[in-house]
Amino acid sequence: QLEALGVKILNPVNSIEIARDKLYTLQVLSSNGISIPRSLLSRVPIEYEYIESRFEYPIIVKLASGSRGETVWKCDNRHELEELVKQIDTSKPMIIQEFIKTTKGRDLRCFGKYYIFIFFYS
(Lines give C-alpha, C1' and ligand atoms only; values in the text may rest on other atoms or scores of the structure.)
Protein backbone atom coordinates (compact mmCIF):
# COMPACT_ATOMS: atom_id res chain seq x y z
CA GLN A 1 0.00 0.00 0.00
CA LEU A 2 2.80 2.41 0.89
CA GLU A 3 4.54 1.76 -2.41
CA ALA A 4 1.28 2.38 -4.30
CA LEU A 5 1.01 5.73 -2.49
CA GLY A 6 4.48 6.75 -3.65
CA VAL A 7 6.16 6.39 -0.26
CA LYS A 8 9.86 5.56 -0.58
CA ILE A 9 10.39 2.04 0.79
CA LEU A 10 13.45 -0.18 1.22
CA ASN A 11 12.02 -3.39 -0.28
CA PRO A 12 9.67 -2.88 -3.23
CA VAL A 13 6.89 -5.45 -3.56
CA ASN A 14 8.47 -6.87 -6.71
CA SER A 15 11.70 -7.78 -4.89
CA ILE A 16 9.82 -9.48 -2.07
CA GLU A 17 7.71 -11.51 -4.51
CA ILE A 18 10.84 -12.67 -6.34
CA ALA A 19 12.72 -13.54 -3.15
CA ARG A 20 9.91 -15.71 -1.75
CA ASP A 21 10.10 -18.05 -4.76
CA LYS A 22 13.55 -19.65 -4.88
CA LEU A 23 13.14 -20.99 -8.41
CA TYR A 24 12.03 -17.61 -9.73
CA THR A 25 14.95 -15.99 -7.89
CA LEU A 26 17.36 -18.34 -9.69
CA GLN A 27 15.74 -17.48 -13.04
CA VAL A 28 15.98 -13.73 -12.38
CA LEU A 29 19.61 -13.96 -11.28
CA SER A 30 20.59 -16.11 -14.25
CA SER A 31 18.76 -13.92 -16.77
CA ASN A 32 20.69 -10.94 -15.40
CA GLY A 33 24.07 -12.61 -15.96
CA ILE A 34 24.67 -13.65 -12.36
CA SER A 35 26.12 -17.13 -11.95
CA ILE A 36 23.96 -19.58 -10.02
CA PRO A 37 24.74 -23.08 -8.74
CA ARG A 38 23.78 -25.96 -11.04
CA SER A 39 20.17 -26.65 -10.11
CA LEU A 40 17.41 -29.17 -10.72
CA LEU A 41 13.70 -28.99 -9.93
CA SER A 42 12.30 -32.23 -8.50
CA ARG A 43 9.11 -33.68 -7.05
CA VAL A 44 8.29 -36.88 -5.21
CA PRO A 45 8.92 -39.63 -6.09
CA ILE A 46 12.59 -38.70 -6.15
CA GLU A 47 14.73 -40.26 -8.86
CA TYR A 48 17.91 -40.71 -6.82
CA GLU A 49 19.91 -42.22 -9.67
CA TYR A 50 19.07 -39.29 -11.91
CA ILE A 51 20.15 -36.79 -9.25
CA GLU A 52 23.35 -38.72 -8.55
CA SER A 53 24.19 -38.84 -12.25
CA ARG A 54 24.23 -35.04 -12.32
CA PHE A 55 25.45 -34.04 -8.85
CA GLU A 56 28.09 -35.16 -6.38
CA TYR A 57 27.41 -35.19 -2.65
CA PRO A 58 27.11 -33.08 -0.67
CA ILE A 59 24.09 -31.47 -2.33
CA ILE A 60 21.76 -28.69 -1.26
CA VAL A 61 18.01 -29.32 -1.08
CA LYS A 62 15.54 -26.44 -0.88
CA LEU A 63 11.80 -26.22 -0.96
CA ALA A 64 10.84 -23.87 -3.78
CA SER A 65 9.31 -21.39 -1.36
CA GLY A 66 10.40 -20.23 2.05
CA SER A 67 12.58 -17.63 3.69
CA ARG A 68 15.49 -17.12 6.09
CA GLY A 69 17.06 -20.47 5.20
CA GLU A 70 14.36 -22.40 7.06
CA THR A 71 13.72 -24.76 4.13
CA VAL A 72 17.31 -25.38 3.05
CA TRP A 73 19.30 -28.52 3.87
CA LYS A 74 22.70 -29.97 3.04
CA CYS A 75 22.76 -33.72 2.39
CA ASP A 76 26.14 -35.45 2.49
CA ASN A 77 24.93 -38.77 1.02
CA ARG A 78 21.92 -40.64 -0.33
CA HIS A 79 20.87 -41.88 3.09
CA GLU A 80 20.59 -38.28 4.38
CA LEU A 81 18.65 -37.29 1.26
CA GLU A 82 16.24 -40.23 1.67
CA GLU A 83 15.68 -39.37 5.34
CA LEU A 84 15.10 -35.70 4.52
CA VAL A 85 12.51 -36.56 1.87
CA LYS A 86 10.61 -38.61 4.48
CA GLN A 87 10.44 -35.58 6.80
CA ILE A 88 9.69 -32.56 4.61
CA ASP A 89 6.51 -31.33 2.94
CA THR A 90 6.72 -33.18 -0.36
CA SER A 91 3.64 -31.47 -1.78
CA LYS A 92 5.95 -28.62 -2.80
CA PRO A 93 8.62 -28.87 -5.48
CA MET A 94 12.22 -29.19 -4.33
CA ILE A 95 15.29 -27.59 -5.79
CA ILE A 96 18.42 -29.74 -5.82
CA GLN A 97 21.66 -27.77 -6.15
CA GLU A 98 25.34 -28.37 -6.27
CA PHE A 99 27.12 -27.50 -3.05
CA ILE A 100 29.67 -24.74 -3.64
CA LYS A 101 32.51 -25.90 -1.41
CA THR A 102 34.38 -22.59 -1.47
CA THR A 103 31.47 -20.81 0.27
CA LYS A 104 31.83 -22.92 3.41
CA GLY A 105 28.05 -22.48 3.81
CA ARG A 106 28.10 -18.68 3.98
CA ASP A 107 26.37 -16.15 1.76
CA LEU A 108 25.97 -12.41 1.39
CA ARG A 109 22.44 -11.06 0.82
CA CYS A 110 22.18 -7.80 -1.09
CA PHE A 111 19.09 -5.77 -1.83
CA GLY A 112 18.77 -4.01 -5.19
CA LYS A 113 16.09 -1.68 -6.47
CA TYR A 114 13.91 -4.53 -7.75
CA TYR A 115 15.68 -7.68 -6.68
CA ILE A 116 17.23 -9.33 -3.68
CA PHE A 117 20.59 -10.87 -4.60
CA ILE A 118 22.38 -13.62 -2.76
CA PHE A 119 26.11 -13.98 -3.38
CA PHE A 120 28.16 -16.87 -2.06
CA TYR A 121 31.63 -16.14 -0.78
CA SER A 122 34.54 -18.01 0.75
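**Exercise 1.** In this predicted model, work out how many bridges join E2 to E4 and which way the two strands run.

*Solution.* Start with the count: five bridges link E2 and E4. Next, the direction: the two strands run antiparallel.

**Exercise 2.** Find the number of bridges between E1 and E4, and name the partner of Ser39.

*Solution.* E1 covers residues 39-42, and four bridges tie this strand to E4. Here too the strands run antiparallel. As for Ser39, its bridge partner in E4 is Gln97.

**Exercise 3.** Why can we call E4 largely enclosed by the rest of the structure?

*Solution.* Take "buried" to be under 20% relative accessible area. By that cut-off, four of the five residues of E4 are buried, so the strand is largely enclosed by the rest of the structure.

**Exercise 4.** Which residues of the largest nonpolar core touch the most other members, and which elements give two or more residues to this core?

*Solution.* The core has 15 residues, and the ones touching the most other members are Ile51, Ile59, Val61, Leu81 and Ile96. Helices H3 (48-54) and H4 (78-87), plus strands E2 (59-63) and E4 (94-98), each supply two or more residues. Now zoom in on Val61: leaving out residues up to four places away in sequence, Val61 touches Leu81, Leu84 and Ile96, among others. As background, nonpolar side chains tend to be buried together in soluble globular proteins.

**Exercise 5.** How many helices and strands does the protein have, and in what order do the elements run?

*Solution.* Count four helices and six strands. Reading from the N terminus, you get α-α-β-α-β-β-α-β-β-β.

Definitions and conventions
Residues numbered from 1 in each chain as written. Predicted model: local features only at pLDDT ≥ 70, side-chain atom pairs only at ≥ 80, totals over all residues. Heavy atoms only, no water. Core = buried A, V, L, I, M, F, W, Y, C linked by side-chain atoms within 4.5 Å. Buried < 20%, exposed > 50% of the residue type's maximum accessible area, 1.4 Å probe, protein only. Contact = heavy atoms within 4.5 Å. Pairing = 2+ DSSP bridges.
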